[in-house]
Amino acid sequence: MDIEQYYDKIYRYIFYKVNNRALAEDLTQETFLKFLKSECEEPERFLYTIARNLCIDEYRRIKPMTVEDEEALNVSYEFEDDLVTRQAIHEALERLEPEDREMVVLRFVNDEPIAEIARICKMSRFAVYRRLKEAKAKLKELLERGNG
Amino acid sequence: MKDRELKDALKAYAGTPDPFRKDAFIRSVAEKEKRKRATIPAQIFVQARYIRVYAWLTAVVIVLLPLFEASVKFAPLFKVAADVMPFLAGLGVIEAMRAEAHNMAELEQTTLLSAKSAFFARMILIGAAQFAAILAAAALFSKGEAGSMLTAGINLILPHCVTNILCFVLERTKFGRENVWSCFAVAAGVFLLKLIVETTAASFTPDNSLLLLLTAVLIVIEIVEFKKTVNTEELSWN
């Protein structure tokens with residue numbers, strides 16, 4: 001398996017769950033190590049499953065970090081606008097259902113096809129398509145009106 | 001807000017992982033995987049899948065020959081088996097050197113296992129299969145009698161060993177590397193030599209212990225030549 005091909009995708013998927021760069025990187029690497037031990041033939045789906053399970057374990061262990069927490073860890077952003085946008089995205093995503101948030105990340109951040117998302121989320125393609133459409137509309141609305 | 005803007009904003013929010021950490025991780029995993037795959041049993045297991053069916057079938061045919069013994073006289077069938085031995089050995093070397101035969105050696109040299117390991121693994125597999133076939137055939141021809149089993153085994157192994165040694169020597173030369181199929185010429189040469197020895201020294205019956213010593217010496221030479229051939233693969237790469 002070509003780790004390079006999946007590394008960024010898994011990192012982003014985990015980052016959206018834990019909201020902490022260092023932790024996301026640790027869990028990304030742990031995901032690949034677990035996957036390599038399993039010697040599974042179907043990387044994409046199992047990588048996401050392993051990553052999701054690791055995030056659940058992490059949730060149980062510690063409280064997930066917010067954008068402010070990350071700021072406290074000296075993660076600097078060049079522009080104030082950038083920080084405001086990040087805060088808005090974070091809050092808008094927090095308002096989505098966890099399953100919808102996961103589908104949004106898989107589709108719009110990792111560019112996964114609908115069929116693959118359906119397999120990862122164990123849903124029909126139609127259900128994924130419908131929920132993604134609703135989640136996207138909600139996300140746009142929240143971002144446009146500043147999370148009102 | 002357009003879809004493109006939403007996507008860009010979401011992607012920018014996650015950012016990218018630290019490239020140095022990512023690179024270090026990928027390197028360490030690749031190194032571990034390489035070590036895992038570079039073990040001798042792993043190499044042999046990988047190569048076993050790539051050896052063509054005819055290489056296994058030729059070994060099986062040698063074992064099957066004694067089974068027809070009931071319908072045909074013992075001596076001709078045993079002679080057939082012994083006569084086939086040089087060709088069996090030649091086929092084995094050709095199969096092990098097939099990357100050279102199909103101009104794929106350079107590609108194989110760049111793989112994780114290296115051409116040296118691939119050749120080593122293939123030759124070990126084919127050699128083991130042929131050796132097991134020879135032992136089984138010797139046991140079947142002699143019907144389990146220890147004395148005649150030893151004679152049968154020596155008669156089968158001797159031409160095999162001589163062919164293998166000559167093929168290894170040939171494959172290390174420039175001509176041999178460019179013409180892998182020349183192993184068949186070597187096999188034909190050994191076959192003719194065997195016929196000449198059989199006709200000119202028909203009355204001479206050598207002592208079994210002498211033949212056993214000769215076989216042992218030839219096996220040692222074969223191992224040395226095999227090792228040299230394996231190392232040649234590495235030298236040609238370096």
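**Exercise 1.** How many residue pairs are in polar contact across the interface of chain B and chain A?

*Solution.* This is a predicted model, in which local features need pLDDT of at least 70 and side-chain atom pairs count only at pLDDT 80 or more, while totals for chains, interfaces and linings use all residues. Residues are numbered from 1 along each chain, chains are lettered from A in the order in which they are written, and side-chain values use heavy atoms, without hydrogens and water.

A polar contact is a pair of N or O atoms within 3.5 Å, where within protein one must be able to donate a hydrogen and the other to accept it, and residues adjacent in sequence count only if both atoms are side-chain atoms. By this rule, 11 residue pairs, both at pLDDT 80 or more, are found across the interface.

**Exercise 2.** Identify the parts of chain B that touch chain A.

*Solution.* Begin with the contacts (heavy atoms within 4.5 Å): 23 residues of chain B meet 32 residues of chain A. Next, assign helices (DSSP runs of H or I, at least four residues, numbered from the N terminus): α1 (3-14) and α2 (19-37) of chain B each supply at least two residues of the touching side, and the largest share, nine residues, comes from α1(B).

**Exercise 3.** Describe the salt bridges of the interface.

*Solution.* Apply the rule (a side-chain nitrogen of Lys or Arg within 4 Å of a carboxyl oxygen of Asp or Glu), which finds eight salt bridges between chain B and chain A. A:Glu25 forms a salt bridge with B:Arg21, with the closest N and O atoms 3.7 Å apart.
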